[in-house]
Structures are given as C-alpha cells and as structure tokens.
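Subject: Structure handover

Hello,

Here is the structure I said I would pass on. Please open it alongside this email; my notes on what was found follow below.

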Amino acid sequence: MSKTQFAVIGLGTFGSNLAKELFKRGFPVLAIDNKEEIVNKITSFVTQAIVADATDGKALENAGIKDCDTVVVAIGEDIETSILATLVVKDLGIKNVIVKCISQWHSKIAVKIGADRVIYPEFEMAKKLAESMVSPNILEQIEVSKDFNLVEIVAPKKCHGKTIKDSEIRTKYGINVIAIKKHIPFINDEGQPDIEEKTNVAPGPDDEIMENDILVIVGKQEQIEKFNK
C-alpha cells in the first residue's frame, strides 16, 4: 500500500514546519509557495518544492497536486488568496483539504466552499499552553469530537494502589481508561539504571494504577477536570 501523500500550500512559519515534520515522519510532501526564495530554503527538507500561484488551478495540477491525499492551505494573512486556493484545490478533486484560518469569518467561508477541516494554530497553541499551566498533570490533550477529549494524564494520587474498578473512574466520573503507561526501572547493557515504558492497552477493571503511571483516558472536558482535581 502506497503512503499517504501531502501537499502544503503557503510556506510561512507554520506551513514550512508542517511540511518538514511530515517529511521527517516518512511521508511524501509537496511544498508550494509563490516566492522562489522561500521554496529554495525548503527544497532539501521535502520530497518536492514548487514555485506556483496557489490560485492557478493549471499550475497546481502541473505541480502534481492531484496525486496528494491531503492538502493543507497554510496561507497566512492573505484571506482572499487562501479562499481562492481552497476553492481551486477542491475543484481539482482533492478529498481532504485543511485550511489554516485567522478569523471566524475566514473559517466560515472556507467551510462553505468545501474545506474539510479548519484550524487556528495560534489559538490552539495558546489553549494548550493555558491547559498545561492550569493542569500540569495533563501531558497531552486531543479533541476527539465536539464533546469528548482524549487525554494523557499523570495518575492522580487518589488512584494510587487501586484498581480501575476501585478508583471509580467510570462510575463516578464517566471516564474510560483506554491505556495505562508504566515506567519500569531496569539495568541496561552498560550496567546503568534506566527506565522502560510499557503500555497496557485496553486495561481491565482489575488492573492496578500505581504512582507515576500515565493514564490515557477519554471523556468530556468537565468530567476530566473533575477527575483531575
């Protein structure tokens, strides 16, 4: 099975970093911008980098964008160009188009013309930073749907030494534990103390939660906040 192919249109700070990260993870990446000097800087870090007008359907087609499974329109402050590029890419038949937006108005138009997903990188980063400052026990948080989040959280003290059932995570808080990560000390080949991470996927009600365990849980935001108190 061939790997998913990505295209990133607009190589500002966000677009460039996204393209590089996708390529670093082993995926084919087509990077597109209308400025030659920007394209030249990223050539060595992606599969292919092209100078093209994002609003020119023929230019994007010639660049090979139709071969991509997902296209990210990462054009920054120029909302008009972003909207036109989104429209062009959808007209070319791309099934999954993600648009970086800078305002609610921008996102509403993007959705109306066919964007499959809109993102606000600055807002999302600020939200994550605020969450980490307010709830340092929460290591990672992903929005699964409008109502539910998937969270990695350091096991609260009230759960230490208890089974999942006895800690009443589901019955009291309405939260599902989908994995438990344990850090187990051992002596490595060099005779030095080291830590190995072992993950118990789909743990049962009788699995025990210990100090320093990391719980991967799914639940509503207010339930997670209540559990974390």
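In strand β13, Ile-217 has Val-177 standing opposite. Please keep in mind throughout that this is a predicted model.

How much of β13 is buried? Of the 7 residues in this strand (residues 214-220), 6 are buried, so β13 is largely enclosed by the rest of the structure.

**The nonpolar cores**

The largest nonpolar core is made up of 23 residues. Those with the most contacts inside it are Ile-9, Ile-32, Leu-60, Ile-65, Val-71 and Val-89. Two or more residues each come from β1 (6-9), β2 (29-33), α3 (57-63), β4 (70-73), α4 (79-91) and β5 (96-100). Helix α4 provides the largest share, 3 residues.

Leaving out residues up to four places away in sequence, Val-89 touches Ile-9, Leu-60, Ile-65, Val-71, Ile-94 and Val-97. A separate core of 16 residues lies apart from this one, and Val-151, Ile-164, Leu-215 and Phe-227 are among its members. As a general background point, nonpolar side chains in soluble globular proteins tend to be buried together.

Ser-82 is a residue of helix α4. Is Ser-82 buried or exposed? Its relative accessible area is 0%, and the limit for buried is under 20%, so Ser-82 counts as buried. Beyond its neighbours within four places in sequence, Ser-82 is in contact with Val-73, Ile-75, Val-99, Lys-100 and His-106.

In general, an α-helix has 3.6 residues a turn, so residues three or four places apart point the same way.

**Aromatic rings**

How many aromatic pairs are there? The count is 2. One of them is formed by Phe-6 and Phe-27, which are edge-to-face, with 5.5 Å from centre to centre and 80° between the planes. This pair links distant parts of the chain, since Phe-6 is in strand β1 while Phe-27 is in the loop between α1 (13-24) and β2, 21 residues apart. Phe-6 has 15% relative accessibility and counts as buried, whereas Phe-27, at 29%, counts as partly exposed.

Tyr-173 and Phe-227 also form a pair: the ring centres are 5.3 Å apart and the planes lie at 70°, so this pair is edge-to-face. Tyr-173 belongs to helix α7 (residues 169-173) and Phe-227 to helix α8 (residues 221-228), so the pair ties together parts that are 54 residues apart in sequence. Tyr-173 is buried at 9% relative accessibility, and Phe-227 is buried at 0%. Phe-227 is also one of the residues in the core of 16.

A further ring has a charge over it: the charged end of Lys-20 sits over the ring of Phe-45, 4.8 Å from the ring centre.

**Pro-28**

Pro-28 is in the loop between α1 and β2. With a relative accessible area of 26%, Pro-28 is partly exposed. Not counting residues up to four places away in sequence, Pro-28 touches Lys-3, Thr-4, Gln-5, Phe-6 and Thr-47. Pro-28 and Ile-38 are 10 residues apart in sequence, and their C-alpha atoms are 19 Å apart in space.

Regards

Notes:
Residues numbered from 1 in each chain as written. Heavy atoms only, no water. Core = buried A, V, L, I, M, F, W, Y, C linked by side-chain atoms within 4.5 Å. Buried < 20%, exposed > 50% of the residue type's maximum accessible area, 1.4 Å probe, protein only. Helix = DSSP H or I, 4+ residues; strand = E, 2+ residues; numbered from the N terminus. Contact = heavy atoms within 4.5 Å. Phe/Tyr/Trp six-rings, centres within 6.5 Å; stacked < 30°, edge-to-face > 60°. Lys NZ or Arg CZ within 6 Å of the ring centre and 35° of its normal. Pairing = 2+ DSSP bridges.
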